Amino acid sequence: MSDRLDDYEVNNLDFYRKNHGLQLYYNWSGEIWWQEEPDKPKEKLFSIIGMNATKVFIKIDPEYGEVGYRINRELGLFCDPVTQEILTSWKSPKASKAIPVVHIANRIVQGSVKPKKYLIPKGSEYITSVMEIPLEYPHPLARDSKYLDYCPGEKFRGVEYFTSHVCRPNVSNVPPAQWARDCPWMPWMKLGYGHPAKLRFETTISRVNSFEELNPKLVQLVREKVPIYEFAPMESDEPNMTSIQYFKKHFESYLKGEIFPLEETC
């Protein structure tokens with residue numbers, strides 16, 4: 001405990017300096033709940049397994065001097081909440097037939113992180129940081145009649161929550177990070193314009209040492225169908241991909257009943 005007798009300061013950019021340019025992997029998994037109607041209770045709808053192949057960098061910044069930067073490839077697979085099998089189709093309670101499940105396949109998600117310092121008080125091994133990010137923007141599928149059954153409304157409204165832990169060196173008993181999200185239903189669920197259903201994602205995140213240590217189902221799928229997701233690029237000029245944009249981009253494949261994620265080799 002002698003190393004915990006004093007306050008300890010952590011600079012968030014130290015992580016980016018230490019891992020500058022390295023290939024990192026994150027495993028995440030959890031459950032997705034839905035409230036189909038405002039007067040109905042929440043029910044478990046799916047399980048989800050996911051991964052991020054990430055590279056981090058230190059970059060020069062005119063305002064802050066230095067910032068952290070992340071480039072991710074991200075996959076998330078919707079699974080049966082009982083059997084944990086990866087779903088290829090789903091049928092809503094009021095639908096007459098099943099529809100394709102469009103998994104999360106964000107080939108590029110990148111952005112910068114401003115410098116920030118954290119103070120771990122004496123006697124504590126770590127502190128917990130909770131970041132709440134409200135989301136509100138025009139829904140990308142609104143105002144186009146062909147997406148009428150796939151859009152919950154004119155605006156997308158949601159909240160993301162990131163819970164992480166800043167720790168002293170060589171501390172091992174730190175809880176896993178968590179990611180949660182409150183949002184409207186996914187477009188591929190085809191619930192009809194203005195349907196009030198809401199989703200709640202609840203996941204835990206852990207860093208692993210290699211690609212092979214990710215969920216075996218993800219490892220197999222990546223190597224067989226989307227090999228570019230094994231590694232994040234060193235740089236990219238592509239815009240960030242989102243689940244809604246991915247659905248819009250591959251709408252014709254969805255209508256044909258193809259199995260997602262679609263093949264991506266470059």
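This is a predicted model: local features need pLDDT of at least 70, side-chain atom pairs count only at pLDDT 80 or more; totals for chains, interfaces and linings use all residues.
Residues are numbered from 1 along each chain as its sequence is written, and side-chain values use heavy atoms, with hydrogens and water left out.

Let me begin with the overall picture. The secondary structure comes to four helices and twelve strands, where helices (H or I, at least four residues) and strands (E, at least two) are DSSP runs numbered from the N terminus. The radius of gyration is 20 Å, close to the 18 Å that the globule rule gives for 266 residues, so the protein is as compact as a globular protein of that length; that radius is taken over C-alpha atoms, and the rule is 2.2 Å times the number of residues to the power 0.38. Along the principal axes, the C-alpha atoms fill a box of roughly 65 × 45 × 40 Å. Of the 266 residues, 45% count as buried, and here buried means under 20% relative accessible area, exposed means over 50%, and partly exposed lies in between, with a 1.4 Å probe and protein chains only. Among contacts (heavy atoms within 4.5 Å) between residues at least 6 apart in sequence, 71% join residues at least 24 apart.

Turning to the sheet, we have an open arrangement of eight strands in the order β7-β4-β3-β2-β12-β11-β10-β9, with antiparallel pairing, and two strands are said to pair if DSSP finds at least two bridges between them. Strands β7 (104-113) and β9 (126-138) stand at the edges with a single partner strand each, so one side of each is left without a neighbour in the sheet. From one strand to the next, the twist averages 20°, with axes being lines fitted to C-alpha atoms, for helices over the stretch in contact, and angles running from 0 to 180 degrees between N-to-C directions. If you look at β11 (residues 177-184) and β12 (residues 198-208), you will find that they pair in the antiparallel sense over eight bridges, and that glutamine 178 has threonine 204, in β12, as its bridge partner.

Next, the charged pairs. Taking a salt bridge as a side-chain nitrogen of Lys or Arg within 4 Å of a carboxyl oxygen of Asp or Glu, the count comes to 15. One of them joins the side chains of arginine 107 and glutamate 264, at 2.8 Å from N to O. Arginine 107 lies in strand β7 and glutamate 264 in the segment after α4 (251-255), so this pair ties together parts that are 157 residues apart in sequence. Arginine 107 counts as buried at 14% relative accessibility, and glutamate 264 counts as buried at 11%.

In helix α1 (residues 13-18), aspartate 14 and arginine 17 lie three residues apart, about one turn of the helix, and their side chains meet in a salt bridge of 2.9 Å, N to O. Aspartate 14 is partly exposed, with a relative accessible area of 40%, and arginine 17 is likewise partly exposed, at 38%.

Asparagine 19 lies in the loop between α1 and β2 (23-35) and is buried, with a relative accessible area of 5%. Leaving aside residues up to four places away in sequence, asparagine 19 touches Leu24, Val56 and Arg207.

Finally, lysine 248, which is found in helix α3 (residues 243-249), counts as partly exposed at 38% relative accessibility. Its side chain reaches the backbone oxygen of proline 140 at 3.2 Å, and, not counting residues up to four places away in sequence, lysine 248 touches Pro140, Leu141 and Tyr147. Lysine 248 and proline 187 are 61 residues apart in sequence and 8.9 Å apart in space, C-alpha to C-alpha.

Note on methods: A polar contact is a pair of N or O atoms within 3.5 Å; within protein, one must be able to donate a hydrogen and the other to accept it, and residues adjacent in sequence count only if both atoms are side-chain atoms.
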